[in-house]
Amino acid sequence: MNKRTIVTQLNGVQAKILLILLLCCCLLLLSPTSVLAQESLGNIANEVAINTDDIENGYIVSYVEGSYIVSETPYDDSIIGVITLDPALYFDDTNVSQTLISTNGIADVLVTTENVDIKQGDPITSSNIPGVGQKATAPGFIVGIALESLDSTDNTTLISLQINT
């Protein structure tokens with residue numbers, strides 16, 4: 001069987017599918033093979049107005065009575081996300097400069113260890129320190145899961161967190 005016989009046995013739809021597959025293969029072979037990584041963490045953020053002047057990267061934010069505030073209640077059930085300075089993607093609702101809040105993905109979160117080590121995989125919740133998280137040691141609302149460990153000698157610092165709000 002020669003090439004001409006194979007081509008004549010294909011109907012119109014099959015020929016179009018074969019042509020599309022061949023074009024896709026050519027594009028894959030001709031495309032560059034390098035991948036550029038972005039420097040920001042993989043999170044999505046929204047712009048919101050927070051009712052405080054004390055805003056820091058990694059602060060935990062709650063939504064209470066129609067306002068965004070820095071969380072200051074342990075196991076706060078109104079946590080909405082985390083302040084982020086460099087999201088991978090964000091939605092801009094206005095032309096006014098507001099604070100970016102990550103509501104999902106991976107973000108840096110300010111935590112305290114206060115005599116408790118944080119291990120990779122530990123749940124993180126809000127604490128009584130404004131904006132700062134802590135290891136959840138009791139049932140309750142969490143902001144996410146720690147992606148790295150931190151020992152109790154580090155006090156308050158940023159760690160990576162998989163946000164689950």
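Q: What makes the meeting of the K135 and D122 side chains a salt bridge?
A: The N to O distance between the K135 and D122 side chains is 3.4 Å. A salt bridge requires a side-chain nitrogen of Lys or Arg within 4 Å of a carboxyl oxygen of Asp or Glu, so the pair qualifies. K135 lies in strand 8 (residues 133-135) and D122 in the loop between strand 6 (99-112) and strand 7 (123-126), so the pair ties together parts that are 13 residues apart in sequence. Strands here are DSSP runs of E with at least two residues, helices are runs of H or I with at least four, and both are numbered from the N terminus.

Q: What kind of model is this, and how are its residues and atoms treated?
A: It is a predicted model, in which local features need pLDDT of at least 70 and side-chain atom pairs count only at pLDDT 80 or more, while totals for chains, interfaces and linings use all residues. Residues are numbered from 1 along each chain as its sequence is written, and side-chain values use heavy atoms, with hydrogens and water left out.

Q: What makes the side chains of D122 and K135 a polar contact?
A: Their distance is 3.4 Å. A polar contact is a pair of N or O atoms within 3.5 Å; within protein, one must be able to donate a hydrogen and the other to accept it, and residues adjacent in sequence count only if both atoms are side-chain atoms. A polar atom of the D122 side chain also lies 2.7 Å from the backbone nitrogen of K119.

Q: How many salt bridges does the structure hold, and how do you know that D117 and K119 form one?
A: There are two. In the D117 and K119 pair, the N to O distance is 3.7 Å, so the pair meets the cut-off. D117 counts as partly exposed because its relative accessible area is 28%, and K119 does so at 42%.

Q: What makes strand 2 and strand 3 a pair?
A: Two strands pair if DSSP finds at least two bridges between them. Strand 2 (residues 60-64) and strand 3 (residues 67-70) have four bridges and run antiparallel, so they pair. V61 stands opposite V70 in strand 3. The hairpin of these strands has two residues between them, and E65 takes a positive phi near 50° there.

Q: Why can I44 belong to a nonpolar patch?
A: Patches take residues with over 30% relative accessible area and no salt bridge; nonpolar side chains (Val, Leu, Ile, Met, Phe, Trp, Tyr) are joined within 5 Å, like charges within 9 Å. I44 is at 32% relative accessibility, so it passes the area cut-off. I44, L89 and F91 form the patch, with about 250 Å² of accessible area together, by the Shrake-Rupley method with a 1.4 Å probe, where for residues only the protein chains shown count as cover.

How values were computed
Buried means under 20% relative accessible area, exposed over 50%, partly exposed in between (1.4 Å probe, protein chains only).
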